[in-house]
Amino acid sequence: MKQLATFTVDGRFLGVDVTRVREVLRPQELTRVPLAPPQIAGLINLRGEIVTAFDLRVPLGRPQRNPNERPMNVVVATEHGPVSMLVDDVSEVLDLDEEAVERPPSTLGASARDLIVGAYKLDGRLLLELDLDAVIANTGPSGIDAEVDER
Amino acid sequence: MPGEMDEIVAEFLVESYESLDRLDRDLLALERDPHSREVLASIFRTMHTIKGTCGFLGFAKLERIAHAAESLLAGLRDGSLSITPQTAGVLLATGDVMRLILRQIEATGTDGEDDHDGLVEDLGRLRGAPPGVSPAVPPAPGAQPEPQPVRSGPDRSVGLRSAVTETTVRVDVNVLDRLMTLVGELVLARNQLAALASDRADPSLASATQSVDRITAELQEGVTKTRLQPIRTAWATLPRVARDLAVALDKRVRIETDGDDTELDRSIIEAIKDPLTHIVRNAVDHGIEGPEARVAAGKAEEGAVIVRAYHEGGQVTIEVADDGAGIDLNAVRTKAVELASVTPEQAKRMSEREALDLLFLPGLSTADEVTTVSGRGVGMDVVRTNIERIGGSIDLSSRRGEGTIFKIRIPLTLAIIPVLIVTSRDERFAIPQANLLELVGVVPGSIEILHEVPVYRLRDRLLPVVSLARELHLGGDDEESPAGRFLVVLQADDRRFGLLVDGLSDPSEIVVKPLGAQLHGLEVFAGATILGTGRVGLILDVVGLAARAGVVGDVHEPLDAERPGEVLEDARALLVFADAAGGRMAVPLDLVDRLEEFPRAAIERSGLHEAVPYGDRILPLVPLHELIVDRRRAPRHAGEDMPAELQVLVHRRGEDLLGLVVGRIIDIVEQPAELQPAGRPGVTGTMFVQGRITEILDLPGLLEMREERRRLDVSASAGAAS
């Protein structure tokens with residue numbers, strides 16, 4: 001058995017390993033970081049700790065969020081400390097049978113497919129399990145260096 | 001009790017490491033002045049103490065070495081032996097072996113299996129004892145009649161030292177670090193509380209906020225102090241490093257230090273140890289010439305490396321100067337071309353400064369050959385990176401044949417820094433005040449384009465202009481803005497530039513927090529902080545910003561040429577003082593009629609107002625904070641913590657008199673009026689005075705505010721009476 005914390009991003013139903021989730025926060029004030037790669041939506045103040053927020057729409061290749069819609073924060077633990085993932089809506093924690101895991105559908109773009117560990121078919125909905133570390137690494141220093149070196 | 005024993009051993013280790021460092025220093029001093037009884041006595045005492053404690057703790061192997069060294073030292077002290085380079089060398093080596101054993105004790109709890117017979121024999125031989133007669137089992141400490149110095153001098157100093165230790169406590173640095181973090185959190189909470197209090201006109205909240213503010217400031221100062229260490233600890237090993245290197249290279253080098261007691265945060269001390277050592281090694285290896293070359297060049301045979309530290313403008317400057325051969329700029333240029341870092345044409349056109357800057361390129365060394373000590377691939381680029389990592393800067397100047405000077409500037413502490421908050425396109429950024437030179441208001445059209453670089457003429461000097469909005473891609477066009485803007489004049493690596501921003505906010509103190517690992521590649525930001533509003537604010541990295549904008553090494557040449565004799569046109573005398581909450585303010589001196597000091601007792605109250613007799617008139621007194629409500633600090637309640645004497649600035653306009661009660665007079669300075677408009681009533685603007693942001697009061701405006709208030713009071717009381 002495996003437990004995933006689930007949420008939606010632009011209609012897609014996504015989940016992450018619940019043991020990695022530190023907390024879920026209502027929309028927070030974001031400080032934009034100029035020159036940062038597009039995936040980095042900004043910084044939030046998590047009780048005095050400064051946490052980088054990732055916009056999951058960018059690595060998933062989804063269109064930009066409407067500025068009026070304020071995203072929820074799913075704060076997850078990484079080896080470099082907590083980071084927040086901006087999502088549209090947070091749903092429940094689901095118990096899943098690990099045997100039922102399937103390969104991510106080929107309809108996903110190639111870059112998005114690298115971020116998905118597996119898929120679960122649930123009552124007509126497809127739940128995609130995110131590879132947290134791949135999401136973070138995807139927006140890691142190499143991406144930033146490219147941006148900085150462009151001058 | 002094993003736990004208690006562990007504690008004693010731990011203390012022994014700490015003390016012994018310190019003692020051995022002192023031993024090194026003393027031995028080097030003894031080499032210089034072989035007849036100094038004071039130094040000999042100190043060395044003897046150090047060894048004796050270690051020996052005694054080892055005996056007590058049962059570290060027999062360490063004790064045996066200490067005993068052999070002590071016997072040799074006794075011979076030196078009573079004059080039967082004299083110090084030779086061999087003796088000093090063996091004694092230094094003894095210290096090294098003892099350090100190794102201490103480390104072994106630290107790791108395993110025992111002093112190891114090695115008897116160190118060779119060393120003990122060496123020590124015995126130098127004493128003149130036949131080999132093999134070294135004492136196998138030293139007598140118990142105290143049992144042996146120690147040849148105690150008869151003279152009272154050293155004994156008295158022992159007494160003094162123990163008196164000092166009684167008033168100090170050893171504290172685990174982790175505890176101090178934790179305290180510092182907590183104080184940082186408290187500073188942030190205080191900022192948020194102050195922001196809340198200023199939004200609500202609630203006197204009791206304001207008063208409580210004021211108390212929290214004061215206590216926080218004092219606590220911060222106190223905790224910061226506990227983490228300060230004299231810089232001596234960072235360079236204690238330098239004389240030894242220089243000596244060993246000089247001996248290996250057949251050079252004669254003397255190392256001098258100045259400002260040993262200059263205090264720095266311990267985290268910074270740790271961080272500069274390696275860079276400093278590297279620079280000193282370089283100076284001995286590449287800088288100082290061999291004795292023959294020095295004599296041929298008309299210099300003393302012995303080269304000098306002088307390391308100085310001093311406080312300067314809220315920072316610490318460390319200088320490493322040698323009187324060696326200086327840097328061969330042509331060799332540097334050639335090397336840089338070989339490394340393909342620059343083209344031959346670029347190298348030819350380079351200014352002296354730029355050529356010197358090449359030394360900080362990775363992989364560049366001008367050493368003719370790779371020696372055992374330098375040229376090992378760890379170069380000045382690493383030194384610069386390490387220093388910049390702690391918010392410092394390094395640059396060097398050199399004269400062929402005369403020597404080289406490295407200048408390192410570092411902040412006092414890393415945790416809490418004063419900043420100026422600026423805005424650009426509605427985004428707020430913090431700029432460390434350490435980088436700030438002055439603030440200039442600019443009107444549209446005053447920025448010229450020279451050789452495709454925007455520049456601003458500041459007192460007849462050209463200042464490269466960097467637009468913050470453009471560099472950070474914040475959007476908008478600077479030229480289209482109808483309103484005036486501000487240039488924040490910044491210092492980066494000895495070059496100046498003006499950062500164009502939309503607005504300035506109050507200076508404040510912030511706690512530096514690191515950016516997440518995902519953002520470490522962004523060189524334009526030094527970190528982030530939580531602003532008073534609770535929002536995250538980014539801290540600009542001035543050096544990184546200058547590098548990104550391409551300022552460094554660009555249009556600075558004409559600036560350098562014009563440097564001497566800055567024109568102080570419109571220089572105006574300013575009276576600088578502190579307000580009751582400690583903020584710096586100033587007024588033009590010619591608007592101050594007199595400076596008076598009144599004892600509290602002389603103050604008369606009439607209704608709500610305070611006044612003192614002044615000649616044949618009455619001088620109304622107004623505490624400054626009643627007229628200017630500080631947004632950062634809640635106003636202090638009248639009567640609370642008031643000094644016995646009031647400092648009063650008397651301003652006269654026609655028949656109107658105003659006595660402004662201020663906190664403390666600081667200084668009178670002469671300086672050009674480079675005033676920046678400010679947002680709050682009663683303040684004309686802000687400017688840099690003695691390197692700090694200072695608010696310039698609008699005295700005529702304050703007089704009017706006071707009159708206005710009195711009219712309101714009168715009409716209000718008249719209304720209440722009717």
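A polar contact is a pair of N or O atoms within 3.5 Å; within protein, one must be able to donate a hydrogen and the other to accept it. The side chains of A:Lys2 and A:Glu129 are joined by such a contact, at 3.0 Å. The model is predicted.

**Extent of the interface**

- About 2400 Å² is buried between chain B and chain A.
- Carbon and sulfur atoms give 60% of that area.
- On the chain B side, B:Gln518, B:Val536 and B:Arg548 lose the most area to chain A. Together these residues make up 30% of what that side buries.
- Chain B brings 27 residues to the contact, and chain A brings 26 residues.

**Polar and charged links across the interface**

- Two salt bridges are found across the interface of chain B and chain A.
- One salt bridge pairs the side chains of A:Arg32 and B:Glu427, with 3.0 Å from N to O.

**Make-up of the chain B side**

- In chain B, β9 (427-432), β17 (525-530), β18 (536-540) and α18 (542-549) each supply at least two residues of the side that touches chain A.
- β17(B) gives the largest share of that side, with four residues.
- By class, the side of chain B that touches chain A holds 14 nonpolar, six polar and seven charged residues.

**A five-strand sheet in chain A**

- Chain A has an open sheet of five strands, in the order β3-β6-β7-β5-β4. The pairing is mixed.
- β3 (21-25) and β4 (40-46) of chain A stand at the edges. Each has a single partner strand, so one side of each is left without a neighbour in the sheet.
- From one strand to the next, the twist averages 30°.
- β3(A) and β6 (residues 72-78) of chain A run antiparallel, joined by four bridges.
- A:Glu23 has A:Val75 as its bridge partner in β6(A).

**Around A:Lys2**

- A:Lys2 lies in strand β1 (residues 2-9) of chain A.
- Neighbours within four places in sequence aside, A:Lys2 is in contact with A:Leu94, A:Asp95, A:Leu96, A:Glu98, A:Tyr120 and A:Glu129.
- The side chain of A:Glu129 also makes the 3.0 Å polar contact with the side chain of A:Lys2.

Note on methods. Residues are numbered from 1 along each chain as its sequence is written. Chains are lettered from A and ligands numbered from 1 in the order in which they are written. This is a predicted model: local features need pLDDT of at least 70, side-chain atom pairs count only at pLDDT 80 or more; totals for chains, interfaces and linings use all residues. Side-chain values use heavy atoms; hydrogens and water are left out. Contact means heavy atoms within 4.5 Å. Buried area is the accessible area (1.4 Å probe) that two parts lose on being put together, summed over both. A salt bridge is a side-chain nitrogen of Lys or Arg within 4 Å of a carboxyl oxygen of Asp or Glu. Ala, Val, Leu, Ile, Met, Phe, Trp, Tyr, Cys and Pro count as nonpolar, Asp, Glu, Lys and Arg as charged, and the others, Gly among them, as polar. Two strands pair if DSSP finds at least two bridges between them. Axes are lines fitted to C-alpha atoms, for helices over the stretch in contact, and angles run from 0 to 180 degrees between N-to-C directions.
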